[in-house]
Amino acid sequence: MGKVVMYSSVSVDGFVADENDQPGPLFDWLSNGDVPLDESGEMKVSQTSYDYTRAYWDQIGVTIVGRHVFDLTDGWGGKPPGGIDHVVVVSHRPMPEGWDPEAPFHFVDSVEAAVAKAQELAGDRMVEVAAGDVGGQVLAAGLIDEVRMDVVPVVFGSGKRYFGSVHAQHLLEDPDVVIQGNRVLHLRYRVRR
């Protein structure tokens, strides 16, 4: 099975969005370079960010999100983002009325079921868990292997926390990747077992 990785862009003070679910400048690094990150050409990053991010994205087989993110994005119109094969949605509510049951989205009611389903679907590829409440729950359940974050030089002061509402200490190893891009610092930590 592939690794389970918690990921998001994050403010220096640890937020993935403000109180109104707005990311503000957290994704500006995805458009401040000259190297296209995907075929659309809409996202352009520095060469350094491209080398790190493209290699990471190419390993992802499945992404796990909470129902809140799914609703905010309107389920990405039924097509998983970034060329990912499947999305697993943690929700206590059924899939939305009128949702295409053939879309590669899978609704489960717990983070444990989400990780199991994602690993089944991903095979040897990586499982990405969106940071925030669901990511924090997966970390608290001891199911995260690695934490990745793209730290953006902005202070939000309040908002949606990267680790959600985790209430216990979790030790990470020293960062084994520290890469500076344009207005972003890419970090990777393995979770200490």
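In what order do the eight strands of the open sheet lie? This is a predicted model, in which local features need pLDDT of at least 70 and side-chain atom pairs count only at pLDDT 80 or more, while totals for chains, interfaces and linings use all residues. Residues are numbered from 1 along each chain as its sequence is written, and side-chain values use heavy atoms, without hydrogens and water.

View 1. The order is β7-β6-β5-β8-β1-β9-β12-β11, with mixed pairing. Strands (E, at least two residues) and helices (H or I, at least four) are DSSP runs numbered from the N terminus; two strands pair if DSSP finds at least two bridges between them. At the edges, β7 (105-108) and β11 (177-181) each pair on one side only.

**View 2. Strands β5 and β8.** Strand β5 (residues 60-66) runs parallel to β8 (residues 126-130), and four bridges join them. Ile64 stands opposite Val129 of β8.

**View 3. Helix α4 on the sheet.** Helix α4 (residues 133-140) packs on the sheet and touches β1, β5, β6 (86-90) and β8; contact means heavy atoms within 4.5 Å. The direction of α4 makes about 125 degrees with that of β8; axes are lines fitted to C-alpha atoms, for helices over the stretch in contact, and angles run from 0 to 180 degrees between N-to-C directions.

**View 4. Buried residues of α4.** Val134, Gly135, Gly136, Val138 and Leu139 are buried, meaning under 20% relative accessible area with a 1.4 Å probe, protein chains only. Their cover includes β1, β5, β6, α3 (111-122) and β8. Just after α4, Gly142 takes a positive phi of about 75 degrees.

Methods. Buried < 20%, exposed > 50% of the residue type's maximum accessible area, 1.4 Å probe, protein only.
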